[in-house]
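Please open the model in a viewer and keep the selection tool at hand. The tour moves from one selection to the next.

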Amino acid sequence: MNHIRLKVLILLSIFTISCRQKETSENKELTSSESFIPDWVNKVGATPFENKKELFYVNDYGAINDGETLNTQAIQKTIDACAQAGGGIVTFKPGEYLSGSVFIKSGIDFIVPKGAIIKGSENIKDYIEIDTRVAGIEMVWPAALINIENESNVVLGGEGVIDGQGRVFWDYYWDLRKNNYEPRGLRWIVDYDAKRPRTVLVQNSKNVFVKDLNLQRAGFWTVQVLYSEYITVDGLKIRNNIGGHGPSTDGIDIDSSKWILVQNCDIDCNDDNFCLKAGRDWDGQRVNKPTEYVVIKDCIARQGAGLFTLGSETSGSIRHVYVSNIKGLGTKNGLNIKSATNRGGTVEDIYLEHIKMDSVRTFMQVGMNWNPNYSYSKLPEGFNKDSIPEHWKKMLEKVDPEKGIPTFRNITLNDIHVEGAGTAINVNGLEQSVIDNITLNNVFIQAQKAGKINYSSNWTINNVKIMADGGAHVELEHTTSVDLSPSVYQANQE
C-alpha cells in the first residue's frame with residue numbers, strides 16, 4: 001500500500017511541475033519583449049568608403065561668409081574643382097554662407113563644420129528647376145538647397161548648420177492656398193504649384209552618407225531620399241518649428257528607395273517626422289517603384305504629424321520595414337498608415353517595436369480615405385483641359401477603380417508604451433480591402449478614448465492593455481478574428 005501511495009505522490013509531483021513549467025512558459029510568452037528583427041536588417045545602409053583627403057575651401061573659390069552675399073556659384077565652383085581633381089573634401093571656414101541650389105558630385109565629402117552656417121536663399125529663382133518627384137508626382141520642380149543627384153560615394157556631413165530660411169515659402173503657400181486656390185476648388189493641386197525648396201535631396205544615387213548636421217526651417221521637406229539605394233541618414237538634428245510652423249515640413253522622407261538606414265536622428269517638424277512614400281495615383285502606378293528594406297532606429301520624434309508614417313503615397317507599394325527604439329514627445333500620431341482609393345499599392349511586412357510615446361493624439365492611426373479634398377482631383381468648370389500644366393493632367397488621369405484600392409497587411413507591433421494619448425487605436429479598412437494580420441505584443445496605451453477597429457481581420461493579441469478614461473471598449477465593426485476581450489483589455493474606471 002505504501003508503495004502505491006509513493007507512486008501516486010510521484011505522479012502528482014510530476015504533473016504539478018509540468019503544469020507550472022507550462023504556466024511559466026505561457027507567462028514568458030506574454031511578457032517577453034524579445035525582438036522580431038527580420039534577417040535582412042543588417043544589409044541596409046551605405047557601405048563605408050574612403051574619399052581623397054585633399055581640402056577644398058569654398059572661401060578660396062570666391063565664397064564670402066557674411067550671410068548676405070549669394071555664394072551659389074562659388075560653392076558649386078569648389079565642388080566642380082574637387083570632382084575634377086578626383087574627389088576630396090569641400091568645406092567652409094567659420095561664418096554664414098547664403099546660397100541657392102548646389103550639386104555634390106561623386107567622391108566628395110561635403111562638410112559643413114561647426115561654426116559654419118549655410119543659409120538658403122529666400123528667392124525661389126536661386127533654386128534651378130530639375131526633373132524630380134514631389135509628393136508622389138514626377139514633374140519639373142525647384143532643386144533642393146543641397147542636391148546629390150545621379151552620384152555615388154558621397155558624404156554630406158559636419159556639425160554645422162544648414163538653415164533653409166523657409167518662412168518666406170511658408171507664407172507664400174498659405175496665401176496662395178487660402179486666397180487663391182481653395183476659393184477656386186483647387187486644394188488638390190496647390191501643394192504642387194506652390195513650388196517650395198527642399199533642404200536636402202538624394203536622388204537616383206547610391207552609397208551616400210548624410211550625417212551629423214543641424215537642419216533648420218526647411219521650406220518644404222527637409223531630407224528626401226528618392227529613387228536611391230544603400231543610403232545612410234545618421235545623427236541629424238532637424239528643427240523646423242523655429243519662428244513658426246511651416247506646412248509640410250517633413251523630417252525625413254524615404255521615397256521609392258531601398259536598403260535605407262536611418263538612425264540617431266532627432267526631429268521636430270510640422271508634418272511627418274519619419275515618412276515612407278512610393279508615388280501617388282496614376283503617375284505613381286506608372287512609375288511603380290516600391291520603398292522596401294528600410295530600417296529606422298534609435299531616434300526621437302518631437303512635434304510632427306507622425307512618429308512613423310507610411311503614405312499617403314502608396315502606389316508603388318511599401319514593404320519590408322523595421323522601426324525600433326523610437327521615442328515620441330508630443331507627436332500627433334504614432335504609427336500612421338494612410339492612403340486613398342485612387343492610390344492603390346500594398347503596405348506589408350512592417351515591424352514596429354520598442355516605442356515609447358507621451359502626449360500623442362492617436363497612437364495607431366490607419367485609414368484608406370485620407371484627406372479627400374487633397375487626395376481626389378477634380379478640375380472645376382471654366383478650365384481648358386488642353387491648356388493646363390502637365391502635372392495637373394497627371395493628377396487628373398483616372399485610375400482603374402480596382403487598381404485604386406490599397407492593401408494593408410502583415411503589421412507587427414511589439415513592446416509599445418504610450419501615455420497621454422487622445423485615442424489609442426483608430427483603424428479603418430474598407431469593405432473592398434480589409435486590413436489583415438495585425439499582431440500586438442506587449443502593448444500598453446493610456447488614452448482618453450479606446451477607439452475603434454473597422455473592416456479588419458486576424459489580429460493576434462498578447463499582453464495588451466488599453467487604459468481608457470471613459471472605460472469604453474474598443475469599438476469593433478465589420479471585423480473577423482479580432483478579439484480585444486477583458487483578458488487582454490483593461491479599462492480605467494477609477
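Predicted model: local features only at pLDDT ≥ 70, side-chain atom pairs only at ≥ 80, totals over all residues.

Residues are numbered from 1 along each chain as its sequence is written, and side-chain values use heavy atoms, with hydrogens and water left out.

**The core.** Select Phe110, Ile146, Ile252, Ile296, Phe308, Met364 and Trp459, which touch the most other members of the 97-residue largest nonpolar core. Such a core is a set of buried Ala, Val, Leu, Ile, Met, Phe, Trp, Tyr and Cys residues joined through side-chain atoms within 4.5 Å; buried means under 20% relative accessible area, with a 1.4 Å probe and protein chains only. Next, centre on Phe110: beyond its neighbours within four places in sequence, its contacts (heavy atoms within 4.5 Å) include Ile75, Val90 and Ile146.

**The cysteines.** Select cysteine 269 and cysteine 275. A disulfide is a pair of cysteine sulfur atoms within 2.5 Å, and by this rule there are zero disulfides. For cysteine 269, the nearest cysteine sulfur is that of cysteine 275, 9.8 Å away. Cysteine 269 is buried, at 1% relative accessible area, and cysteine 275 is buried too, at 0%.

Conventions: Buried < 20%, exposed > 50% of the residue type's maximum accessible area, 1.4 Å probe, protein only.
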